[in-house]
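Open the model in a viewer and keep a selection panel at hand. The stops below say what to select next and what is there.

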Amino acid sequence: MNINGIRAIYRFEMNRTRRTLMQSIISPVLSTSLYFIVFGTAIGSRMGEIDGISYGAFIIPGLLMLSLLSESISNASFGIFFPKFSGTIYEVLSAPVSPFEILAGYVGAAATKSLIIGALILLTARVFVDYSIAHPFWMLAFLLLTALTFSLFGFIIGVWANDFQQLQVIPLMVITPLTFLGGAFYSINMLPEPWHTLTLFNPVVYLINGFRWAFYGVADVHMGLSLGMTLMFLLICLTVVWWIFRTGYRIKP
Amino acid sequence: MQSIIKIQGVSKTYASGFTALKSVDLEIRRGEIFALLGPNGAGKTTLISIICGIVNASSGRVLADGVDIVDDYRQARSLIGLVPQELTTDAFESVWDTVSFSRGLFGKPADPDYIEKVLRQLSLWDKRHSKMLALSGGMKRRVMIAKALSHEPRILFLDEPTAGVDVELRRDMWEMVRGLREDGVTVILTTHYIEEAEEMADRIGVINRGELVLVEDKAELIQKLGQKQLHLHLQTPLTELPPSLKPFNLVLSEEGTQLTYTFDAHQETSGIADLLRGLSELNIDLKDLQSKQSSLEEIFVSLVHRPES
């Protein structure tokens with residue numbers, strides 16, 4: 001195992017985060033805080049409870065998930081896309097590092113950054129909203145699994161993308177709508193048919209609800225189903241990444 | 001001498017259908033400086049990229065110090081350093097960080113003393129805190145070399161190391177390569193400057209259109225490069241060469257209007273005076289005459305069209 005290699009990639013990526021602190025950490029935390037102010041404190045005070053939880057607290061898991069997904073994807077995708085774009089990927093390809101070690105470096109760094117952002121958002125939320133965590137272990141487990149899975153997903157997008165537009169298209173056009181429509185701001189039980197049933201095909205519903213269950217012990221779908229869906233998505237991403245390294249798809253002609 | 005790199009039947013056809021290499025066989029000797037010459041698009045970079053693991057070969061295999069570069073990639077790659085042709089660097093990293101990154105990536109524990117030595121050798125020490133984007137092209141090239149040397153490779157690939165580099169840096173680089181050879185590092189460089197191959201290499205390989213056309217000791221090749229040709233355009237066509245001109249090994253063109261005389265420019269006497277005297281004795285009048293040295297490109301072409309021997 002090339003531990004030094006993993007460390008080199010990981011440190012390189014974390015240095016990049018440090019250099020772009022405003023954009024990579026502060027800006028997502030700030031924008032999520034705005035949601036807390038507007039929906040939690042301002043509008044939230046005029047809204048009724050959902051499943052016995054105040055509205056401000058209800059939206060925390062969903063908002064956290066929203067930043068977790070988009071930050072994991074954007075950080076991991078950029079991490080691998082940029083060397084590919086600038087040509088510096090030659091060095092990683094010519095180094096004695098295995099696909100697993102490359103992933104551990106890039107995806108590990110992206111997931112770490114997401115976890116930092118997640119923690120900061122949770123702390124910031126405390127300023128505006130009162131919340132409690134019913135199952136801290138599961139909350140951490142979901143946080144970790146989601147950060148990891150979506151960093152892997154980001155890695156795939158970064159390998160696939162041929163230009164900056166393609167890099168943005170999945171997070172903006174797919175992930176953000178799915179999160180907004182996946183019950184980040186409402187319980188899907190509030191939806192009339194056929195929207196309720198349709199929503200069940202949105203994978204993000206399971207992520208948000210698993211997370212919400214870990215916070216408040218209540219959710220629209222069973223926690224086991226949420227966990228299963230998250231693990232399934234992780235497995236799919238791992239399979240695709242395995243295939244990328246086996247075929248050299250878009251990184252090694 | 002034992003070979004450090006063994007290339008066996010390596011071919012490469014890209015997804016676009018372009019065949020960059022056609023079954024190349026080559027052995028690089030331990031500790032030598034090998035220059036791979038060829039025009040643009042000949043397959044030099046593809047060959048290097050395959051050995052270094054950046055491109056997959058379509059067929060064939062490569063051994064580096066006896067180990068397969070695909071099956072035992074860890075062992076093989078840790079032996080090899082690569083300086084690519086393009087100046088691809090992480091713009092926002094400092095010189096020190098980017099060189100240290102390379103060392104770690106290749107599995108070596110941090111060694112600030114060694115990195116300092118490399119940076120000093122390449123006159124980069126003063127620039128160690130500079131960001132890559134603030135460096136000139138020549139400085140960036142030095143950093144690329146420092147990165148390749150950071151993990152103490154036994155084999156170093158330099159892909160067009162002096163393309164677009166000023167004279168001073170070129171001399172420095174040659175000096176550095178010689179120093180590496182003294183330390184036992186095998187150096188493979190690609191170039192399209194014949195002068196560079198002449199200056200540096202122990203052996204020279206010529207590659208064209210994906211085929212290795214020749215591999216020869218430098219001394220022998222330089223002999224060939226030293227040849228010049230004198231073209232004599234005749235007033236009246238000849239049907240055959242007069243017997244008295246036989247010793248000059250002239251070639252008569254098909255229409256009989258041109259004689260070509262090949263001579264060695266390195267020799268003391270070219271034999272031109274004797275030839276002209278011989279022609280005038282035979283009352284062969286000349287319309288025009290020109291002498292020219294084969295350019296590298298012409299040598300490539302002549303090598304490619306040379307019949308199989």
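**Stop 1: the two chains**

Select chains A and B together: 22 residues of chain A are in contact with 26 residues of chain B, where contact means that the C-beta atoms of two residues, placed from the backbone, lie within 7 Å. This is a predicted model, in which local features need pLDDT of at least 70 and side-chain atom pairs count only at pLDDT 80 or more, while totals for chains, interfaces and linings use all residues. Residues are numbered from 1 along each chain as its sequence is written, and chains are lettered from A and ligands numbered from 1 in the order in which they are written.

On the side of chain A that touches chain B, the elements giving two or more residues are α1 (3–19) and α4 (89–94) of chain A. Helices (H or I, at least four residues) and strands (E, at least two) are DSSP runs, numbered from the N terminus. The largest share of that side, seven residues, comes from α1(A). By class, the side has ten nonpolar, eight polar and four charged residues; Ala, Val, Leu, Ile, Met, Phe, Trp, Tyr, Cys and Pro count as nonpolar, Asp, Glu, Lys and Arg as charged, and the others, Gly among them, as polar.

**Stop 2: the annotated spans of chain A**

Select residues 19–248 of chain A, where UniProt (unreviewed entry) places the feature "domain: ABC transmembrane type-2". UniProt positions are given in the numbering used here, feature names are shortened, and annotations may be inferred rather than shown by experiment. The span is 77% helix and 0% strand, and its end C-alpha atoms lie 30 Å apart.

The same record's "transmembrane region" feature covers several stretches of chain A, including residues 20–43 and 167–188. Residues 20–43 of chain A are 96% helix and 0% strand, with end C-alpha atoms 33 Å apart. For residues 167–188 of chain A the values are 64% helix, 0% strand and 30 Å.

**Stop 3: α2 against α3**

Select helix α2 (residues 21–43) and helix α3 (residues 55–86) of chain A. How do their axes cross? They come within 10 Å and cross at roughly 155°. Axes are lines fitted to C-alpha atoms, for helices over the stretch in contact, and angles run from 0 to 180 degrees between N-to-C directions. The two helices are therefore roughly antiparallel (an angle over 145 degrees). The contact is made by residues including A:Y35, A:F36 and A:F39 of α2(A) and A:I59, A:L63 and A:E71 of α3(A). By class, it has six nonpolar, seven polar and one charged residues.

**Stop 4: α3 against α7**

Among the residues in contact are A:L66, A:L69 and A:F81 of α3(A), and A:L167, A:P171 and A:I175 of α7(A). The contact divides into nine nonpolar, five polar and no charged residues.

**Stop 5: two backbone details**

Go to A:P194, in the loop between α7 and α8 (195–199) of chain A. The peptide bond from A:E193 to A:P194 is cis, with omega near 5°.

In chain B, select B:D65, in the loop between β4 (59–64) and β5 (67–68). Phi of B:D65 is near 50°, a positive value in a residue other than glycine.

How values were computed
Angles under 35 degrees count as roughly parallel, over 145 as roughly antiparallel, 65 to 115 as roughly perpendicular and the rest as oblique.
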